[in-house]
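Let's take a friendly walk through a protein model together. Have the sequence and the 3D view ready.

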Amino acid sequence: LGVVININTQCLKIMQGTDKKAFYVPGNGDDSILRPNLVVVNGRAYRKLGGAPVKPKLDETYTPQPPIPQDVRYTPQDVRHPIRDKYKRQEREEEEEANEELEDSIEKTTRGYRASLKIPSVFFKYIIGKGGQTRANIERETRCKITVPSRSAEGDIVVEAGTLGALKTAKRRIEIVAWSNRAREPPTHFICIPLNTLPVMSRVQAFKEVALRECGSDQGVEPAVFQAPCKMHLTLAVLRMYTPNEEARAASVLAECLKIASQELGPTPLAIRLQGIDCMNDDPSAVKVLYAKVGEVGGSDRLQRFVDALQSSYLQRAPDLIKNEPRDSVKLHATVMNTSFKMSAGAEQAGELERARRTITFDATKLFAKFRDFDFDQSNVTGVKLCRRGEYGPDGFYVCLAEYPLDRIACAPKK
């Protein structure tokens with residue numbers, strides 16, 4: 001600022017007051033560094049050193065801005081300082097942590113904080129990720145250490161962190177990973193109306209024998225794909241549950257929903273007839289599921305309205321547990337043949353069931369030609385059960401977690 005720039009003949013004329021193409025801008029004096037006396041020539045400003053100020057030759061004048069008040073100055077607190085701000089933020093977080101009550105799953109240690117997460121082992125593979133990438137990302141971004149038990153060993157996921165905020169962030173991200181992958185796992189439970197009565201079981205066994213005798217040579221028609229008569233049931237909804245708490249919640253929600261749905265049944269007993277067969281796809285030569293058609297004795301639609309109301313109510317109260325998608329009407333069917341029956345219960349839990357359903361089929365063309373209207377007899381609807389898939393009791397039926405006889409459900413009059 002203290003150097004005279006580009007002094008030439010034109011500048012000398014300006015300083016002498018003989019050039020009218022420029023004007024003079026007075027400042028605070030020659031000794032002022034920030035606001036010196038200036039000479040502006042063709043838009044370029046030059047500092048004028050020494051001598052008395054030259055009066056402008058033109059009518060244009062420059063009005064200088066008032067000086068900055070002495071009491072208005074930036075202080076160190078007004079300037080962002082990364083290191084100072086980091087320590088202040090840490091002090092604030094430590095103060096908040098000291099005043100905050102810890103959750104039951106979190107404990108304070110000599111190195112910071114530690115939490116034990118009760119995540120079902122089925123989700124361990126998603127939390128670890130391919131090549132451990134998911135766990136490594138969470139650890140790097142939250143500065144936590146995550147210990148995941150092996151799949152064969154049930155246990156809690158342990159998270160360790162230096163601060164409570166980092167631990168809570170890691171804990172939340174782990175729970176989100178597990179939650180977002182629930183839909184990728186096969187169903188584990190289902191709600192059903194049992195159909196394992198003696199008349200129905202005898203007719204199912206008769207269908208199996210005559211079908212194998214008449215169509216046993218057809219592709220895929222073999223004893224392993226037939227439903228065991230003692231397992232006959234009418235599926236109302238399929239669920240995903242992985243902890244005892246979720247099972248208890250599912251049973252409680254089911255009791256509430258039954259009280260609402262039972263309004264559709266009325267006071268008279270309900271009986272259903274299984275007659276005729278159908279499949280889940282349009283091509284009878286490549287069938288995966290063949291089922292008995294379900295109808296209500298007397299031609300009423302109480303059963304359909306009851307099942308629709310039950311599923312709708314369950315979706316509203318526990319959408320995270322139920323697998324069924326919202327739909328206007330539930331398809332009533334009683335499965336008698338399914339390619340997934342060829343898979344063992346262990347394969348079912350390992351996820352091989354879904355792969356089998358996509359690849360294994362059987363030819364039901366002759367079955368439809370000979371047994372399209374086969375009568376499987378009728379059964380009274382006495383109750384609803386919540387069962388586990390792949391686990392069976394002494395009678396051969398699925399393990400029952402909760403049973404609700406219809407005559408004991410408090411039925412409010414339908415409005």
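## About the model

This is a predicted model, in which local features need pLDDT of at least 70 and side-chain atom pairs count only at pLDDT 80 or more, while totals for chains, interfaces and linings use all residues. Residues are numbered from 1 along each chain as its sequence is written, and side-chain values use heavy atoms, with hydrogens and water left out.

## The overall build

The protein has eleven helices and 15 strands. Helices (H or I, at least four residues) and strands (E, at least two) are DSSP runs, numbered from the N terminus. Of its 415 residues, 40% count as buried. Buried means under 20% relative accessible area, exposed means over 50%, and partly exposed lies in between (1.4 Å probe, protein chains only).

Contact means heavy atoms within 4.5 Å. Among contacts with a separation of 6 or more, 71% join residues 24 or more positions apart.

## Helix H7

Helix H7 covers residues 244-261, and its 18 residues should span 26 Å at 1.5 Å a residue; the end C-alpha atoms are 25 Å apart, which agrees. The expected span is 1.5 Å times one less than the number of residues.

Which residues of H7 are buried? They are Glu 246, Glu 247, Ala 250, Ala 251, Val 253, Leu 254, Cys 257, Leu 258 and Ala 261. Their cover includes strands S8 (189-194) and S9 (233-239), as well as helix H8 (302-317).

## Asp 320

Look for Asp 320 in the loop between H8 and strand S12 (333-338). Asp 320 counts as buried because its relative accessibility is 19%. Beyond its neighbours within four places in sequence, Asp 320 is in contact with Trp 179, Arg 182 and Arg 249. With the side chain of Arg 249, the side chain of Asp 320 makes a polar contact at 2.8 Å. A polar contact is a pair of N or O atoms within 3.5 Å; within protein, one must be able to donate a hydrogen and the other to accept it, and residues adjacent in sequence count only if both atoms are side-chain atoms.

## Salt bridges

The structure holds 17 salt bridges. A salt bridge is a side-chain nitrogen of Lys or Arg within 4 Å of a carboxyl oxygen of Asp or Glu. One of them joins Arg 173 and Glu 141 (2.4 Å, N to O). This pair links distant parts of the chain, with Arg 173 in helix H5 (residues 164-180) and Glu 141 in helix H4 (residues 133-142), 32 residues apart.

Within H5, Glu 175 and Lys 171 lie four residues apart, about one turn of the helix. Their closest N and O atoms are 3.1 Å apart in a salt bridge. Glu 175 is partly exposed at 36% relative accessible area, whereas Lys 171 is buried at 13%.
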